[in-house]
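Here are my notes on the model, point by point. Have the sequence and the 3D view open as you go.

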Amino acid sequence: MSVLIDETTRIVIQGITGREASMVAQHMLAYGSHLVAGVTPGRSGGDVSGVPVYDTMEEAVERHAANATLISVPPAAVLDAALEALSHEMRLLVIATEGVPRHDAMLILEKARTAAARVIGPNSVGVINPAARAKIGAIGGEDPARAFPPGRIGIISRSGGMTSEIGLMTRRVGLGVSTAVSVGGDALIGTSPAQLLPLFQRDQATEGVVLFGEPGTSFEEDVADAIRQLRFTKPLIAMVAGRFSETLPEGTAFGHAAAMIERGAGRPSAKIEQLREVGALIADDMEDLLQYLSMVFKNQPYHGFAGDGFHLN
């Protein structure tokens, strides 16, 4: 059992000849991901780091039996890229692009639901399965093993940077990562944390999950509902950033586009209260996270944290 990707995942990058996408392609190949093709209209016949480039998804899928795509194109081109991917039976779309127009995102998500496809993002750094040496996207950079050693803890995060930071903490206590998912920071995303939890519940490699959240959205409240309904019964450690944002005027964005309190909804304190009510462990800082990881999954206190002044509030 795995979450989203494994060693059989055959990946296309749409927009592979772009500067950032070509660098991501190199890192994915070096890690061991099965990156089989790229698509950039007008660039057929070329290659990026040995990966053949085609004009259309039709050619890429027909010749390489791809089953997942990373979309790394300008915001205005994401809709066309996603619809082309869905029309050629891609069942996993990871959208790296930030700032996709909201109407376009709505259309993509509706088409994906109709096609029974899963969308991660927009504004996602990707997905990584360390045991399978498989990743889609920029997650982990050029040395994914540093932040994502194979192990037992799932990670679901709104923040790309915090995805890696939490992975480093699992390494520090000797636990490692089963799968890490950057769900994306745009206002509309394809797969919410609550929708991912049942996948981690079924995954035998995952013993528990660390969730990183932010102000805005109802994601954490939905996670609490999933726990109440027993759709997730493994240990959950939650970190919710931005409690100071409750003192700011409503509508002030905290980092990502979706990280804002509007009409009283999306307050970190309310998220934390609901998660605590259903038994989630709330980590206020990295020292808390290390302690919880060690106590819950290793049955021992953690004494090795030197402290670096990092706090979420």
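1. Some ground rules before the details. Helices (H or I, at least four residues) and strands (E, at least two) are DSSP runs, numbered from the N terminus, and two strands pair if DSSP finds at least two bridges between them. This is a predicted model, in which local features need pLDDT of at least 70, side-chain atom pairs count only at pLDDT 80 or more, and totals for chains, interfaces and linings use all residues. Residues are numbered from 1 along each chain as its sequence is written, and side-chain values use heavy atoms, with hydrogens and water left out.

2. Start with the hairpin of β3 and β4: two residues sit between the strands, and Ser49 has a positive phi near 55°. β3 (residues 47-48) runs antiparallel to β4, with two bridges joining them; Asp47 has Pro52 as its bridge partner in β4. β4 (residues 51-54) is also joined to β2 (residues 34-39), this time in parallel and again by two bridges. There, Tyr54 of β4 stands opposite Val39.

3. Next, helix α2 (residues 57-64). Its buried residues (under 20% relative accessible area, with exposed over 50% and partly exposed in between; 1.4 Å probe, protein chains only) are Met57, Ala60, Val61 and His64. Looking down the α2 axis, these residues fall within an arc of 95° (taken from the directions from the helix axis to the C-beta atoms), so they line one face of the helix. Glu62 and Arg63, on the other side of α2, are exposed. The buried residues of α2 pack against β1 (10-14), β2, β4, β5 (68-71) and α3 (78-87).

4. Now the open sheet. Its seven strands come in the order β9-β8-β11-β10-β12-β13-β14, and the pairing is mixed. β9 (134-136) and β14 (281-282) are at the edges with a single partner strand each, so one side of each has no neighbour in the sheet.

5. Within that sheet, β10 (residues 150-157) runs parallel to β11 (residues 177-182), joined by five bridges, and Pro150 has Val177 as its bridge partner in β11. The chain gets from β10 to β11 through helix α6 (residues 160-172), in a right-handed β-α-β crossover (with the strands pointing away from the viewer, the path from the first strand over the helix to the second runs clockwise). β10 also pairs in parallel with β12 (residues 208-213) over five bridges; here Ile156 is partnered by Leu211.

6. β12 pairs in parallel with β13 (residues 236-240) too, over five bridges, with Ile237 of β13 as the bridge partner of Val210. Helix α10 packs on the sheet, touching β10, β12, β13 and β14, and its direction makes about 175° with that of β13 (axes are lines fitted to C-alpha atoms, for helices over the stretch in contact, and angles run from 0 to 180 degrees between N-to-C directions).

7. Ser294 is buried, with a relative accessible area of 2%. Neighbours within four places in sequence aside, Ser294 is in contact (heavy atoms within 4.5 Å) with Val173, Asn299, Gln300, Pro301 and Tyr302.
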